[in-house]
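Hi,

Here is the model I promised to pass on.

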Amino acid sequence: MFAFVTLPVEINASHRALLWLNNNEITSRETHPKAQKALRLAAYTYVIAALSSLATLLYYVSLVMGRSRD
């Protein structure tokens, strides 16, 4: 559940980092798309982690539900 609560914060952090890089002229026209891709992929790691947590939760719920039927 924690992974899903913090997911919007993490995605927004990547967006804010990209804006910061752009506003402070740290990235150039050549490097900006690469930074954008790297930060997008970093945000996707949190999405994958949240989905993994959900899959684990569903697995344990199915184990508990299966035992209660026996």
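Val9 is exposed, because its relative accessible area of 52% is over the 50% cut-off. Bear in mind throughout that this is a predicted model. Val9 is part of helix H1. From Val9 to Thr27 there are 18 residues along the sequence, and their C-alpha atoms sit 23 Å apart in space.

That brings me to Thr27, which is placed in the loop between helix H1 (2-23) and H2. Is Thr27 buried or exposed? Its relative accessibility is 16%, so Thr27 counts as buried, the limit being under 20%. Its side chain makes a polar contact of 3.2 Å with the side chain of His32. If you set aside the neighbours within four places in sequence, Thr27 is in contact with Leu21, Asn22, His32 and Ala35.

Glu25 is in that loop too, between H1 and H2.

Beyond its sequence neighbours within four places, Ala3 is in contact with Ala50 and Ser53.

Ser14 is another residue of helix H1. With a relative accessible area of 13%, Ser14 is buried. Not counting residues up to four places away in sequence, Ser14 touches Leu39 and Ala43. There is also a C-alpha separation of 7.5 Å between Ser14 and Ala42, a pair 28 residues apart along the chain. Ala42 itself is found in helix H2 (residues 32-69). Is Ala42 buried, exposed or partly exposed? Its relative accessibility is 30%, which means it falls between the 20% and 50% limits and counts as partly exposed.

Next, the surface. Which residues make up the nonpolar patch? They are Phe4, Ile48, Leu51, Leu54, Leu57, Leu58, Val61 and Met65, and together they have about 740 Å² of accessible area. H2 supplies the largest share of this patch, with seven residues. Ile48, one of the patch members, has its place in helix H2. Ile48 is exposed, with a relative accessible area of 56%.

On aromatics, the count comes to one pair. The rings of Tyr59 and Tyr60 have centres 5.3 Å apart and planes at 65°, so the pair is edge-to-face, the cut-off for that being over 60 degrees. Tyr59 is partly exposed, with 47% relative accessible area.

How far apart are Asn23 and Tyr60 in space? From C-alpha to C-alpha the answer is 46 Å, for 37 residues of separation in sequence. Asn23 is found in helix H1 and is exposed, with a relative accessible area of 61%.

- Thr27 and His32, for the side-chain polar contact at 3.2 Å.
- Tyr59 and Tyr60, for the edge-to-face rings.
- The nonpolar patch, with about 740 Å² of accessible area.

Cheers

Technical notes:
Residues are numbered from 1 along each chain as its sequence is written. This is a predicted model: local features need pLDDT of at least 70, side-chain atom pairs count only at pLDDT 80 or more; totals for chains, interfaces and linings use all residues. Side-chain values use heavy atoms; hydrogens and water are left out. Helices (H or I, at least four residues) and strands (E, at least two) are DSSP runs, numbered from the N terminus. Buried means under 20% relative accessible area, exposed over 50%, partly exposed in between (1.4 Å probe, protein chains only). Patches are made of residues with over 30% relative accessible area and no salt bridge: like charges are joined within 9 Å, nonpolar side chains (Val, Leu, Ile, Met, Phe, Trp, Tyr) within 5 Å. Accessible areas come from the Shrake-Rupley method with a 1.4 Å probe; for residues, only the protein chains shown count as cover. A salt bridge is a side-chain nitrogen of Lys or Arg within 4 Å of a carboxyl oxygen of Asp or Glu. A polar contact is a pair of N or O atoms within 3.5 Å; within protein, one must be able to donate a hydrogen and the other to accept it, and residues adjacent in sequence count only if both atoms are side-chain atoms. Contact means heavy atoms within 4.5 Å. Rings of Phe, Tyr and Trp (its six-membered ring) pair if their centres lie within 6.5 Å; planes under 30 degrees apart count as stacked, over 60 as edge-to-face and the rest as tilted.
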